[in-house]
Amino acid sequence: MNFKAKLIFAWIVLCCLTFPDSFAQEVRTISGTVSDENRQTIIGASVAVTTPGGIKTGTVTGVDGRFTLAVPAGSTLSVTYIGYKPYQEV
C-alpha cells in the first residue's frame, strides 16, 4: 500500500468513527404500566412513540400491562386500546 492509499484509508476510518456521533440524540428507556380507571392492567394496549422527525415505533403491553420503549428526546408517547377513547398522548 502506498502512502496516498494509506492516507485515504485513514481518512475513511476517521469519518466512519465520527459520523454517527454527529447525529446522536439523547435516548431514554422508559417503562410503565397501562391500566384503566379501576387500576386493572390492560393487556395488548398499543404504545407508540412519534419522534420529532415523524418516525413512529411502538410496542404492545404484556399480560401484566407493562411496556418498555427507547424514546428519543422530544418524542410523543401515545396509548391506544379498543373500546377506550381514541388515544392519550404524553
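This note goes through a predicted model point by point.

1. Basis. The model is predicted: local features need pLDDT of at least 70, side-chain atom pairs count only at pLDDT 80 or more, and totals for chains, interfaces and linings use all residues. Residues are numbered from 1 along each chain as its sequence is written, and side-chain values use heavy atoms, with hydrogens and water left out.

2. Overall make-up. The protein has one helix and six strands, in the order α-β-β-β-β-β-β along the sequence. Helices (H or I, at least four residues) and strands (E, at least two) are DSSP runs, numbered from the N terminus.

3. Of the 90 residues, 19% are buried (under 20% relative accessible area; exposed is over 50% and partly exposed in between, with a 1.4 Å probe and protein chains only). Among contacts (heavy atoms within 4.5 Å) with a separation of 6 or more, 47% link residues 24 or more positions apart.

4. Ser 75. This residue sits in the loop between strand E4 (66–72) and strand E5 (76–80). Ser 75 counts as buried because its relative accessibility is 17%. Its side chain reaches the backbone oxygen of Pro 72 at 2.8 Å.

5. Aromatic rings. One aromatic pair is found in the whole structure. Tyr 81 and Tyr 84 form this pair, with 5.7 Å centre to centre and 55 degrees between the planes, and it is tilted (ring centres of Phe, Tyr and Trp, its six-membered ring, within 6.5 Å; planes under 30 degrees apart are stacked, over 60 edge-to-face, the rest tilted). Tyr 81 counts as partly exposed because its relative accessibility is 33%; Tyr 84, at 39%, also counts as partly exposed.

Conventions: Polar contact = N/O pair within 3.5 Å; in protein donor to acceptor, adjacent residues only side chain to side chain.
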